[in-house]
Amino acid sequence: MADKASKVADLAQRRGFYWPAWEIYGGVAGFYDLGPLGKELKNKIIELWKETLMKPLQRIILELETPIITPYRVLEASGHVQNFTDPIVECTKCGRKYRADHLIEEATGLKVEGLSPEDLTKIIKENNIRCPVCGGELSEVKKFLLLFQTQIGPYEGDKGFIRPETAQGAFVNFKRVYQFMREKLPFGIAQIGRVGRNEISPRQGLLRLREFTIAEIEFFFDPLNPGKPPLDYEAKIRLLPWELAKEGQKEPVEVTIKEALDKGWIINEWMAYWMLKAKELLNKLGIKDEDQFFEEKSPEERAHYSSQTYDQLVRTERYGWMEVSGHAYRGDYDVSRHIKFSGKDLYAFRKYKEPKKVKVKVVRWNARELGIRFKSKAKKIMEALKNVDPELVEKELLEKGYVEVEGEKLEKGIVWVEEREETVSGERFVPHVVEPSFGVERLLYVTLEHALKEKDGRLVLSLPRYLAPIEAVVLPLVEEDEIVKKAKEVWELLAKSGFRVEYDEKGSIGRRYARFDEIGVPAAVTIDFQTLQDDTVTVRDRDSWEQVRVKIEDLPKVLRRFIKENKPLEECVT
RNA sequence: GCGGCGGUCGUCUAGCCUGGACUAGGACGCCGGCCUGCCACGCCGGAGAUCCCGGGUUCAAAUCCCGGCCGCCGCACCA
């Protein structure tokens, strides 16, 4: 019996939504083409994403586009190079795979992290390490890199990678956008773009791709003054926090945002805000509340950069709960790493409400005396004095009467500590980041799966009407000259009114309804014999199959209400 | 990557075990014509298949053998 996943895949291929890429050459696992309807639907999903996640905060959510090819240094800074490569050995007998470094550490106690595959292989041979399960011989150690690698320019060693997420393009641009925002936080950088991950074994159609589209926001804020998201504290959200999961809880609990924050299940208000928006987006894609929830990742399975991560899961028939978005509290990890690796100032600045008068102790010295006494060494001593702790100097001078710097004793009088008053207007800090990140193709898939219904043994793609790639179809009831002519006029009218509208005159009317139901066309406009009498047509609802009679001149208005405003058909007529 | 199963017109499939009359059959879909007054269900005709790819065995391979690719399921992996 065909399950939903194969029905979706079958429909997708047959009716132009998507299919395996490069298929005339046998296909390559993990790559898919989007067909005309799939591309159109994806565009609409992205549009809806922008409307839901960007538009409400349009003054502070800014969209950027950064390159896909990313230099080595960037991904080294982000931790991906380290975290995306695993040295792997395989048992030649039973085929089990292991992390080579883990295996060696277990067997010998040696610390081997960071060694080359060749060295690891040598160690395995020398120590005669075998498969811990079946005792079989182990293969050579191979480096498995989950990043796609390429070369930038003609020189070897100038390594580039296809980005595994768009986030790094946002982090490296923090300072520029911060300045664009006139140095105000919070703000978010949105990016929608292609990424590549060289999955070991991609399967599950659109749900596990090697190349796909990510839509994400890096939301930067001051951890001491995060600002208030426009958050509905009474809104309900379905959660499975780790605190409950580790006690064996399997089912999510439904709580208000307020409760989730109070209990510490969501550690940050902005996290809560984006999670709520994610839920809203899924609702708009036709996923009901009971078919989605958020699951907190355990500390072990969390990404290397994150201190809290929730996955948004959607029910699928064959694959169970499937992750469609991730919500990570990335803290100051990424920006800090880029400060460290690039040596650039990517700090934000926090102004105090009032400039603070602070008393600062400063080490002072008599440069003239030092010069006379130490000659050329004096410069070095003065440099050192700049960096010593004034408190310490004060203490030494008090206790011993001198302080030792660069191996020289400097007594009170030649060195002393002064207290000065300074005005400080603020301080530098690294912004914190929360990141909602969506896999667009996964959204596409769950949208299709949840829209696909069966009615009287036929497939009906009950997409939310505003998502339908084709909005309406004009059908002459029979292939009769007068009616066909009229139908073409109606098609013209709708096309000119801005609808994406199809036309079909072949075959029986029932067959045509069925054909357009299957690709989710919400409205079928039928021209019949009565049309020739009184200029009215029937409009048929894809889901209920009910029909109403409408004057041709009212048709654009009625369809606009029906499709864009999503009203029930009867309400659109009045 | 391992193991199991599979891959035949656009789709679903018959044929494979037991090699030859397979010029690869059917259904749906598609195209054309007729018919047709509202839900894929009438009639006639037509186009459409590298039998996944490569190699081998054989007089002869869709069919048997080997390798590869792709898909599904399980294991492993999943930053």
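User: How are helices counted here?
Analyst: Helices are DSSP runs of H or I with at least four residues, strands are runs of E with at least two, and both are numbered from the N terminus. This is a predicted model, in which local features need pLDDT of at least 70 and side-chain atom pairs count only at pLDDT 80 or more, while totals for chains, interfaces and linings use all residues. Residues are numbered from 1 along each chain as its sequence is written, and side-chain values use heavy atoms, with hydrogens and water left out.

User: Where does K277 sit, then?
Analyst: K277 lies in helix 11, which covers residues 269-284.

User: Is K277 buried or exposed?
Analyst: K277 is buried, with a relative accessible area of 12%; buried means under 20%, exposed over 50% and partly exposed in between, using a 1.4 Å probe and protein chains only.

User: And which residues does K277 contact?
Analyst: Apart from neighbours within four places in sequence, K277 is in contact with T52, L53 and P56, where contact means heavy atoms within 4.5 Å.

User: Switching topic, how many helices and strands does chain A have?
Analyst: Chain A has 21 helices and 28 strands, and buried residues make up 47% of its 574 residues.

User: What about domains?
Analyst: An automatic or database domain assignment gives the bounds, and chain A is divided into domain 1 (4-84 + 146-333 + 435-440), domain 2 (350-428) and domain 3 (470-572). Taken over C-alpha atoms, the centres of domain 1 and domain 2 are separated by 51 Å.

User: What does the C-alpha trace of chain A span?
Analyst: Along its principal axes, the C-alpha trace of chain A spans about 115 × 70 × 55 Å.

Conventions
Chains are lettered from A and ligands numbered from 1 in the order in which they are written.
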